[in-house]
Amino acid sequence: MNRKILVANWKMNPQTFVEAERLAKAVSDAARKAKGVEVVLCPPFTWLTDLSHKLKFVSWGAQDTFWEERGPFTGETSPAMLKNSKVDYVIIGHSERRRWLHETDQMINKKVLAALRAKLKVILCVGEPLSVRKKGLQAAKNFVKNQLQKDLKNIYNLKPKTHNLIIAYEPIWAIGTGKPDDPAETAEMSRFIKEYLKPKTYNLKPKVLYGGSVTSLNIGRILEYNEIDGALVGGASLKANEFKKIIQWKSIR
Ligand code: PGA
C-alpha cells in the first residue's frame, strides 16, 4: 500500500502560539514513530513559519496563497514566501474560502498555477453541496468535473509536469457535520477524478484525499481503499490525542 498523506487543516485555530506549539509538538512526536504516512500540518499564517523552522518529522502547509509573485497586495502571501519558509504544501480553494471570501474558480485557477510554478505541492479542494448530492453520485461527479475544468484551466502549459497536484475531495455537506461520505462512494469519486485527469489534455496523476468529518473511528474504513491516498482533517486535527490516533490508523484498526 502506498504512503498515505494525512493533512491537518487547523483553520483559524488555536488562538495562542503556546497552544499551537503544544499541538504541533505532540503531532511531530507521533509522526516520528508512525509508519507509512506523511503528516502535513497547516496552521494559520501567524504560527506557521515559527513552527516550520522549529519542528521536524512533519511537513508544513499553508491554508492559502496569492497568485502574484510580489508587490502591492496588502494582506497577501506569495507562493515564493511560503517556499522560502520551509513550507511545501498549500491548500487552495477550500469551500470555506469559496463561501466566505467569495473565491471564484478563476481566482483559484490563478492560485493553483502560481503555486505550482513556485514548486509548492497544491492541495486543491473540490466538492459538491448537499443539493447536488441529493440528486445522486453522478450529479456530484459532474459538479466536481466542472470545478476541476475551471480550477485547472491551462495547467497543461506548465512545465515541468505537475506531479505536485493533489486533489482533496471534500463534499461540503460532510465538512464539520459529523456525517462523512460513505467510503465506498468516496473511492468511486476518487477513481473518477483520477480517470478524468489522466487523458491527454491534463496528463496528470494526482493523489486524491478525502475530507469531511474524518475521525479516528472512521479513518481506517476510508484509507483501506487503495484509490484514496489520504485525508484532509479539520476538527479532529485540533485534538492531539485524536489526531495521533488518526496518524496511527494502521495499528489501531
Ligand atoms: P472537518 O473539516 O474534518 O472538520 O469536517 C475538514 C475540512 O474542512 O478540511
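Figure 1. A polar side-chain atom of Lys 11 is placed 2.7 Å from an oxygen atom of the ligand, a polar contact being a pair of N or O atoms within 3.5 Å. This is a predicted model, in which local features require pLDDT of at least 70 and side-chain atom pairs pLDDT 80 or more, while totals for chains, interfaces and linings use all residues. Residues are numbered from 1 along each chain as its sequence is written, and side-chain values use heavy atoms, without hydrogens and water. Glu 170 likewise brings a polar side-chain atom to 2.7 Å from a ligand oxygen atom. From Gly 234, a polar backbone atom lies 2.8 Å from an oxygen atom of the ligand. The ligand taken alone exposes 280 Å², of which the protein buries 95% (Shrake-Rupley method, 1.4 Å probe).

**Figure 2. The shell around the ligand.** The ligand is surrounded by 13 residues (a heavy atom within 4 Å of it). Lys 11, His 94, Glu 170, Gly 176 and Ser 213 are the closest. By class, the shell comprises four nonpolar, seven polar and two charged residues; Asp, Glu, Lys and Arg count as charged, Ala, Val, Leu, Ile, Met, Phe, Trp, Tyr, Cys and Pro as nonpolar, and the others, Gly among them, as polar.

**Figure 3. Nonpolar cores.** The largest nonpolar core has 67 residues; such a core is a set of buried Ala, Val, Leu, Ile, Met, Phe, Trp, Tyr and Cys residues joined through side-chain atoms within 4.5 Å. Leu 41, Leu 124, Leu 148, Leu 152 and Ile 193 have the most contacts inside it. Apart from this core lies another, of 12 residues, including Val 7, Ile 91, Ala 168 and Leu 232.

**Figure 4. An aromatic cluster.** Phe 66, Trp 67 and Phe 73 form one aromatic cluster. The structure holds four aromatic pairs (ring centres within 6.5 Å; planes under 30 degrees apart are stacked, over 60 edge-to-face, the rest tilted; for Trp the six-membered ring is used). The ring centres of Phe 66 and Phe 73 are 5.1 Å apart and their planes meet at 45°, so this pair is tilted. Phe 66 is buried at 10% relative accessible area, whereas Phe 73, at 32%, is partly exposed (buried under 20%, exposed over 50%, partly exposed in between; 1.4 Å probe, protein chains only).

Conventions: A polar contact is a pair of N or O atoms within 3.5 Å; within protein, one must be able to donate a hydrogen and the other to accept it, and residues adjacent in sequence count only if both atoms are side-chain atoms.
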